[in-house]
Amino acid sequence: MEFNENQTQKTGIAERPVSVAAPELINGSHALIQSLIIEGVKTIFGYPGGAIMPVYDAIYDYQEQINHILVRHEQGAAHAAEGFARITGEVGICLATSGPGATNLVTGIADAIIDSTPMVCIVGQVGSHLLGTDAFQETDIMGVTIPITKWNYQITNPDEIPEIIAKAFYIAKSGRPGPVLIDITKDAQLKLMSKPFDYKKCEKLLSYRPRLSPKEEQVEAAAKLINESKRPFLFFGHGVQIAHAEKELLQFIEKTDVPAASTLLGLSSVSVDHPNYVGWLGMHGNYGTNVLTNQCDLIIAIGMRFDDRVTGDLSRYAKQAKVIHIEIDPAEIDKIKKADAPVVGDAKRALEMLLPLVKENNHEAWRAEFKKFDAIEDEKITQPELAPTTEKIKMAEVIRTLSNKTKGEAVVVADVGQHQMMTARYYQFKKANSFITSGGLGTMGYALPAAFGAKVGAPEREVVAIIGDGCFQMTIQELGTIAQSGLPVKIIILNNNFLGMVRQWQQLFHAKRYSFVELQNPDFITIAKGFGIDGHTCGAREDLNDSLDKMLASDKPYLLEVMVEKEENVFPMVPTGACVADIRLE
Amino acid sequence: MTTYTICVFTENTIGILNKITTIFTRRRINIESLTVSETERKGISRFTIVIRHESREAVEKLVRQIRKIIEVLAVFGYLNDDIAYNEIAMFKISTPIGAKPLDIETINKTYKAWVVYWHLTYVIIQKTGTEEEIFEFFNYIKPHEILEFVRSGRVAVSKSPQTLVDYLPEAEWEYYM
């Protein structure tokens, strides 16, 4: 709780001599910014407007401490804050005005809650005397965001600001992280506090007490099941990355010798090179992981929530297996899949406690079963995708070439659709905390702003956004934000002139009735150049290597458009409502 | 369909009702009755929510989702056997001159209902009891013209000897005393 005395002297209302002994009263806007500074905030993604102008006036005084990034649309601010939060593990901050400013954040907030991303959204609101009068740019954003925030609160009195902001940060980042929205009326931003500014970080709340350390008896019960199991199968999800439990997970995997599979958001927590890593789960996951889910005798699920894209038909999902569910959110236990041994707590703590209780084991024969399926998948899908005979480039080649060139260590931000699944399949993640995508909500347009946010959070890392031509046009204006920042975000558009995933479903399940999925696209490179971002199009296989090299070599933002096969499909696939064991290879 | 009574203890701040009901709405669970009041502890509200549902599992999941609301201190789901519960109802009964007189003795002694207001042309009768008892009385009084009828939500107290404090041992109750 370092607190710079000088900050309190800047009132923004009237500059008074610094020597005044009595503590000065500051207004709500300054209290807000000072609160953010004490919480360690260095970056805000935002967009000004009428009801948040006093806060913007205050930010003007703090430009040395806080880097405010002006986005082009509030949705971009929300996704950028998500990308920032995902890569840093810190709370992402976005700032917007009332009404449309706030509602434009909604998609990003909904995305953050379902993917457990810590975020504090601060939005302006009309003056408290105007609440409920349909005032200009008034929206009941509290009502709107109740179902999609972990917590929301409306501030009408500047005296509340320090306590509420402290609470907001604590709630956003503790337990299962999530978005918090703070709605501040304009008068609360303008009015002076009635008492000197005093900030205490929030460390606990009476009504909200997330459990970090699981109960010992739960851990013991889990250990017993693990030690008795002949065919244990470990699933790891986003919770491992959130808890920074990658090291503990590796120790656990190596001691027990269990095969380990990732969910979509768990990708990169275990390197693809690890001998116990057997692939990923779900609709477009690997062949062996899906089929053998229904042949294991124990599932050890860590920080994942049995999403329907993972389970397929639940009534035929792993009926034979006992389930250990390690999860920080008690509401996830038994929500989808009944747990024989629930372990409620932080993944890192749970693994630390579990580790001494589990026996060293050898599951080589059981792990070898995955290899048989891998061989089939490799022959039927992976090899034809990576070494195609088609004239047009395939998405898989682009991703795998990128993977090789970046040694599997870039931060890859995938948008939503076929290119997302191809990225998950063909990028060979070798470094933890390297994959960012909209998993739960499936928000098209996520990747461009999220990649930008990730680059802001981790400027030392190579950040590559993989985006489809449909997705790109949903948040295309954030090219302006990227250009203005000058940050070298690398953008790859995999252009098939189709909404590819929808087209694939129409082909497979709707008798090729291609209903509104073909796009007439603009010239993306011209658009990028208009924004001041360099780029080029790659249309031929022999140019792919050089194209990627050129993009990666640039020290500025760069857009590479790759023209890919128009009608390719992502396989394997567990169609909706099918059983995981019935995964289709074609 | 089984009747469940869900008791939710929350901080008494603006908007909590909205935060709770949205969890029911999203799962398409209808609220049969709802009562809110401050508890014996200042600043803590108690919601008593009655629902009917065929799946105990679904109700357990609902309870866990309600618990996730930050301002919620505790949530309990009860079957009718677990609780002492009651409702209150008021009947405005027409008593014009010449009409069949009310049998006040039966109303008092059999139905444990009381006249709480007299007017020249009507009376207001208050009846406390379970939903079934209230509807029994409703049927009894129906031949007289019912001008208005209102029934409160259920209030319920668990039969367990534990107090709320027992469920929240770590809580700093002094703050709310």
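The questions and answers below concern a predicted model.

Modeller: Residues are numbered from 1 along each chain as its sequence is written, chains are lettered from A and ligands numbered from 1 in the order written. Local features need pLDDT of at least 70 and side-chain atom pairs count only at pLDDT 80 or more, while totals for chains, interfaces and linings use all residues.

Biologist: Why is chain A as compact as a globular protein of its length?

Modeller: The globule rule is 2.2 Å times the number of residues to the power 0.38, and the radius of gyration is taken over C-alpha atoms. For 586 residues the rule gives 25 Å, so chain A is as compact as a globular protein of that length, its radius of gyration being close to that at 25 Å.

Biologist: What share of the residues in chain A is buried?

Modeller: A residue is buried if 20 or more other C-beta atoms, placed from the backbone, lie within 10 Å of its own; it is exposed at 12 or fewer and partly exposed in between. Of the 586 residues in chain A, the buried share is 54%.

Biologist: How many residues of helix α18 of chain A are buried?

Modeller: Helices are DSSP runs of H or I with at least four residues, numbered from the N terminus. Helix α18 covers residues 418–426 of chain A and is mostly covered. Among its buried residues are A:H419 and A:Y426. The buried count is 9 of 9.

Biologist: How many residues of chain B are in contact with chain A?

Modeller: Two residues are in contact if their C-beta atoms, placed from the backbone, lie within 7 Å. Chain A contributes 14 residues, and chain B contributes 17.

Methods:
Helix = DSSP H or I, 4+ residues; strand = E, 2+ residues; numbered from the N terminus.
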